[in-house]
Amino acid sequence: SSRATDFRTLGRILCCPLASAVGLTAMHVSGIDSPKLHAALVFLFVLSPEPFLQLAGDWETGERSAGSFWFLAAEGLIEAPASGLLTLYTAILLSSATDRPMDPLLFMSCMWGFATITLTCVRFHFYGQTRPLGEMINVALLWKFPGVVSQVLAFTVFAFLTREAPHSKEGLQRQSQCKLAFALLCLEVGLNFAQLLAISPRMSKGVATFFACCMVVAGPPGFLSALASARVAHGLQHALILGVMAAYATTTATAAHWEVLTEQYFPYLVLLLVTAAWSFLASQVSCRGMAPETSVADRIKHGTAKLDTAILAGDALMVRLLLDVEGAEVFPGLIGGESVLTKDALLQLGRDASFCGMAAHGGRFYACPFDDSAVLVITPGAQ
């Protein structure tokens, strides 16, 4: 069943982190003091065999599967921003404790990281769509890049300003008050989650959580027209949270904090101020004209047209989004008839069409063919 498949996938993703957690707990309980073993278990925590299994499957067909893209989105929009935030936060703390100046290589690394995250944001925004290069560059520079930079730098600077500035390496160990930054990050994810469910109550909680985390830096994706109305509100949400963070940080920051930021990390501070204003203006002005307003009927029509491709591509998440968010409709009869998708088209997609079994969704049954270009849809009780 699909649920069993989801659990197997989840098990492959979490097997290494769970094994690492068990090993670290055993070391702590038994009192084993082995730095090499501790380092190996910590390294195991960040590993997952699932991307390698996806790569092995893609290697046979020569095409990237839908699952590979969603792993790329998770890595580029969740793991990469978190990694950049923690790296820069640690560097600022070390500079405060040791008076070490800003490393130019770190600045170059951060900028490269912002660029790669922005690229993932653009791919996420236009997923399943073919757009002109000029439009993609326009979205990247005018909206995605400032949003990525302002979000990562804002939480980094806020975490530093809301804890006591360390003056020695010993101070790094006994001072760890940055819980408020984590609380505000959870607040933003929660607001994104609530916004998604308000727009589409049928969206599953797991998918909504994934999208809510991605939207912290990427904003509402453009391939779902139902979320078009949320982009301006989401930009305003960013601005309000940044305002709250700035107001609170001014009450906790000391001269030692500002000395580190202005003398050693001044380029980051300027970049934060510029991109924060830039991101807000882009969300309120540019995003209004990025996609024309469409009626609900047109949105459902376009979503239904994309459904065939998503089903034949095996993109279960995209199918679920089209049905639950875009309101795509499936009518009794055949989907993807010979006039739309033929066996030759399937071969061009790199699929062998060797599907079988029965699936259920929304009160309908889908009979997957063994070797055909159409899917039989059965509506119980239909005349």
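Contact here means heavy atoms within 4.5 Å. With that in hand, welcome to a quick tour of this predicted model. The stops are a nonpolar core of 69 residues, the buried residue His125, and the packing of helices α6 and α12.

**The nonpolar cores**
- Phe211 touches Trp70, Phe124, Leu196, Pro221, Phe223, Leu224 and Leu321, leaving out residues up to four places away in sequence.
- The largest nonpolar core has 69 residues, and Phe211 is listed with Trp70, Phe124, Phe223 and Leu321 as having the most contacts inside it.
- Helix α6, spanning residues 133–161, gives the most to this core, with 12 residues.
- Another core lies apart from it and has five residues, among them Phe126, Val139, Ala140 and Trp143.

**His125**
- You will find His125 in helix α5, which covers residues 104–125.
- Its relative accessibility is 4%, so His125 counts as buried, the cut-off being under 20%.
- Beyond its neighbours within four places in sequence, His125 is in contact with Val139, Trp143, Lys144, Pro220, Pro221, Gly222, Phe223 and Arg231.
- With Lys144 there is also a polar contact, side chain to side chain, at 3.5 Å.

**Helices α6 and α12**
- Helix α12 runs over residues 266–284, and α6 packs with α12 at an angle of about 130°, the axes being 7 Å apart.
- The two helices are therefore oblique to each other, and α6 passes α12 in a left-handed crossing.
- On the α6 side, the residues making the contact include Leu141, Trp143, Pro146, Gly147 and Leu153.
- On the α12 side, they include Tyr268, Leu272, Trp278 and Ala282.

Key. Residues numbered from 1 in each chain as written. Predicted model: local features only at pLDDT ≥ 70, side-chain atom pairs only at ≥ 80, totals over all residues. Heavy atoms only, no water. Helix = DSSP H or I, 4+ residues; strand = E, 2+ residues; numbered from the N terminus. Buried < 20%, exposed > 50% of the residue type's maximum accessible area, 1.4 Å probe, protein only. Polar contact = N/O pair within 3.5 Å; in protein donor to acceptor, adjacent residues only side chain to side chain. Core = buried A, V, L, I, M, F, W, Y, C linked by side-chain atoms within 4.5 Å. Axes fitted to C-alpha atoms, helices over the stretch in contact; angles between N-to-C directions. Parallel < 35°, antiparallel > 145°, perpendicular 65-115°, else oblique. Left-handed = near helix turned anticlockwise from the far one by under 90°.
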